[in-house]
Amino acid sequence: MHRSDRRYCSNSHRVLAARARKRARDEALAAEQQARIPAELTSRPRWVRHKAKVPLRTDGRFASVTDPSSWSDFTAAASSKTGDGIGFVLTAGDGIVVVDLDRAVDAGRVLPWAQAIVDQLPATYMERGRSGTGLHLWFRGAVAHGRRIRRGELAFEVYSDRRYMIVGDRVPGTPLSLAELPDAAGLIASL
């Protein structure tokens, strides 16, 4: 005899319902996350997971920035629970450049040196890095070789190939698209 206030007819139905609720939550989270990332990125199968800055496949094995078979589409990477979050692999053929400003934010405010760089570049999709103190600016373009530039408090990197970027939270008010940066190498050298 069952209690009249019992919600499920058996333990297995309770488990099935819990799994369905979890699946719905995961799908809603993936859709919400996808809405905060430009379609130019989410439409490409260049996604990995990460743990302690190490790229991982969705199944937890190591991923490689040079092996496309270790990458996933956005939906698979976003719904995987492996590691700490998601990252996007940069490849030369995609024509995507990322300017990574290290230690550019303090107490929620962009530091003057970083704001000067942001102001010199076209308005584009920008996000906070995982640490909360860095900024990633995403563009369409290419640089022949990645570069690290460090001058005093100025510290930034520019990449477009054989790297992956951990995707953070979009900076409110920035476009949800990538701006064109035709002479990326020349512009970066002038900063």
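**Note on pockets and ring pairs**

1. The second largest pocket has 16 lining residues, and R130, I166, V167, G168 and D169 are nearest its centre. A pocket here is an open set of points on a 1 Å grid over the protein atoms alone, where a 1.4 Å probe fits, with protein on both sides within 12 Å along at least five of seven lines; lining residues have an atom within 4 Å of a point. Its volume, the space filled by probe spheres set on the points, is about 240 Å³.

2. This is a predicted model: local features need pLDDT of at least 70, side-chain atom pairs count only at pLDDT 80 or more, and totals for chains, interfaces and linings use all residues. Residues are numbered from 1 along each chain, and side-chain values use heavy atoms, without hydrogens and water.

3. The largest pocket holds about 490 Å³. Of its 18 lining residues, K53, D100, D102, H136 and E157 are closest to the centre. Strand β11 gives the largest share of this lining, four residues (strands are DSSP E runs of at least two residues, helices H or I runs of at least four, numbered from the N terminus).

4. Four aromatic pairs are counted (Phe, Tyr or Trp rings, the six-membered one for Trp, with centres within 6.5 Å; planes under 30 degrees apart are stacked, over 60 edge-to-face, the rest tilted). W47 and F74 are edge-to-face, because their planes stand at 80 degrees, with centres 5.0 Å apart. W47 is in strand β1 and F74 in helix α3, 27 residues apart. Both are buried (under 20% relative accessible area, 1.4 Å probe, protein chains only).

5. Ring pairs join W47, F74, F88, Y125 and W138 into a cluster.

Terms used: Buried means under 20% relative accessible area, exposed over 50%, partly exposed in between (1.4 Å probe, protein chains only).
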